[in-house]
Number of protein chains: 2
Amino acid sequence: MGSIKKVAILGTGNVAWHLSFALFKAGIEIVQVFGRNEERAKKYAQRVLAEPISHYNNLVEDADAYLLCINDTNIAEVASYLKNVGGIVAHTSGSVPMEVLKDNSDYGVFYPLQTFKDSEVNFENVPILCEGNSGPTEAALMSLAFELSQRVYSITSAQRQKLHVAAVIANNFTNFLFAKAFALCQENNIPFEILHPLIVETARKATLGNPADYQTGPAVRHDEATIVKHLELLEDPALRELYASITKNIQAE
Amino acid sequence: MGSIKKVAILGTGNVAWHLSFALFKAGIEIVQVFGRNEERAKKYAQRVLAEPISHYNNLVEDADAYLLCINDTNIAEVASYLKNVGGIVAHTSGSVPMEVLKDNSDYGVFYPLQTFKDSEVNFENVPILCEGNSGPTEAALMSLAFELSQRVYSITSAQRQKLHVAAVIANNFTNFLFAKAFALCQENNIPFEILHPLIVETARKATLGNPADYQTGPAVRHDEATIVKHLELLEDPALRELYASITKNIQAE
């Protein structure tokens, strides 16, 4: 199996948007962009000089890879339309096992782990987790990944699923807490920018080792007076309950 | 009231360690460092060319400011030993109202908002929240703060207490989640460094506006299949419960 030079992108969501453009900029030919919505397919295809298509029977059969950038629930179905293609069929999901693609001949996973909402994504720093149903398939996907990023890893489906949970905790859940902190500031006419350095420093420290070693605050030092005061200060019952629950969890360590 | 040039530091914890040195480097004279433990007082005092003391009756009376870098619960008691001093008595706590110092003549708050555990602290970027019992006292504390940082704010005790809750949520709680993500990776032989870019990017985005606008993940898109799968993958019952609880909270927005 040679290296991947011609890619078809299936999907018109955030991952398709950023990944197709990153591949295009890296000199990979994007032959087609598939989207059920014709206008979206056209918009996505234009940016990477690809052919927009909206029907599976228009798919080229000679792309080196078909990257499914679609909802988890649609992966098996879309893959079933790709049984006759010659190239590698790979999905880009964090939580779907590679084996849902097992009816294809060469298949794998090409999972870029980053939060893709809005803003420009610099892929150089985005970890890409690869898996293939054979050594050559995995190697081909990893080579493609190295065209975009310095951070390419081979991990199993089981590991990737655990990693996805960890990513949800480290990204979605912390972002939710940042949003709660923002709301608290806004309600009390406190500029949220006061918290910016703390937020950035917390993240920086988390990259230095085991974050548990940097745990500070009233919970870990069992400062019950402050905890009680904080619970009194929180007017939103749901947030109060969450405060109590996370505090309990920190203290249980 | 003139500007603060001579400071006595009371306390030998993290805040005392970093704040005394930052003031020292900024050219403020640290006259004394008070610590009940003589060895610690000596260690802290030496670094900033100050006199170490361990008894309140040895405190100089002519410092311009006495900064209480001590546990919240001790502030009122220690302040009571400072009734006869000439300078401003200020505590450095996020959660204690200024009025616990009301038996002193000039008093206020000088609260540096950052996580001080270990690592070197660059105060330039540390927000310092000031409050004073009079305009001149507040101005003097703010001037002192500007010697260390570009980010100096005047906020009330009520605001500071809310801010402290927000800081606990944005720092301690998110760090706990990072620690959980770390543990999940470690248990599954996944290099935690894979998550570093995501963690740093999540923090960066939180500084761009309202983090709620950047919320992604299975919870906010009501992807119940992934949520159920994640709950199954989590072996620790406490973490599973926390996952469910934060997910519920995100979905309730």
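## The sheet of chain A and its setting

Mentor: The centres of domain 1 and domain 2 of chain A, taken over C-alpha atoms, are 35 Å apart. The model is a predicted one: local features require pLDDT of at least 70 and side-chain atom pairs count only at pLDDT 80 or more, whereas totals for chains, interfaces and linings use all residues. Residues are numbered from 1 along each chain as its sequence is written, and chains are lettered from A and ligands numbered from 1 in the order in which they are written.

Domain 1 of chain A covers 6–155 and domain 2 covers 160–251, with bounds that come from an automatic or database domain assignment. Nine residues of domain 1 and six residues of domain 2 of chain A form the contact, where two residues are in contact if their C-beta atoms, placed from the backbone, lie within 7 Å. On the domain 1 side, strand 6 (107–112) and strand 7 (128–132) of chain A give two or more residues each. That side comprises five nonpolar, three polar and one charged residues; Ala, Val, Leu, Ile, Met, Phe, Trp, Tyr, Cys and Pro count as nonpolar, Asp, Glu, Lys and Arg as charged, and the others, Gly among them, as polar.

Chain A has eight helices and eight strands, which are DSSP runs numbered from the N terminus (helices H or I, at least four residues; strands E, at least two). Its C-alpha trace spans about 65 × 35 × 30 Å along the principal axes.

The part to be examined is the sheet. In chain A, eight strands form an open sheet in the order 3-2-1-4-5-6-7-8, with mixed pairing; two strands pair if DSSP finds at least two bridges between them. Strand 3 (51–53) and strand 8 (152–154) of chain A stand at the edges with a single partner strand each, so one side of each has no neighbour in the sheet. From one strand to the next the twist averages 25°; axes are lines fitted to C-alpha atoms, for helices over the stretch in contact, and angles run from 0 to 180 degrees between N-to-C directions.

Within this sheet, strand 4 (residues 65–68) and strand 5 of chain A are parallel and share four bridges. One position in this pairing is L67(A), which stands opposite A90(A) in strand 5 of chain A. Helices pack against the sheet as well. Helix 2 (residues 38–47) of chain A touches strand 2 (29–34) and strand 3, and its direction makes about 160° with that of strand 3 of chain A. Helix 4 (residues 135–148) of chain A touches strand 4, strand 5, strand 6, strand 7 and strand 8, and makes about 160° with the direction of strand 7 of chain A.

I88(A) counts as buried because it has 29 C-beta neighbours inside 10 Å; a residue is buried if 20 or more other C-beta atoms lie within 10 Å of its own, exposed if 12 or fewer, and partly exposed in between, with C-beta atoms placed from the backbone. Leaving aside residues up to four places away in sequence, I88(A) touches D64(A), A65(A), D106(A), Y107(A), G108(A), T137(A), A140(A) and L141(A). Over the whole of chain A, 52% of the 253 residues are buried.

The relation to the second chain remains. In the interface, 72 residues of chain A are in contact with 72 residues of chain B. Helix 5 (157–187), helix 6 (196–206), helix 7 (224–233) and helix 8 (237–251) of chain A each supply at least two residues to the chain A side, and helix 5 gives the largest share, 24 residues. By class, this side divides into 43 nonpolar, 23 polar and six charged residues.

Chain A is superposed on chain B by a rotation of 180° with 0.0 Å of shift along its axis (RMSD 0.0 Å), using least squares on the C-alpha atoms of residues with pLDDT of at least 70 in both. The two copies are therefore related as by a two-fold rotation axis. T174(A) has the C-alpha of chain A nearest the axis, at 2.6 Å from it. Of the interface residues of chain A, 100% are also interface residues in chain B, so the copies meet through the same surface.
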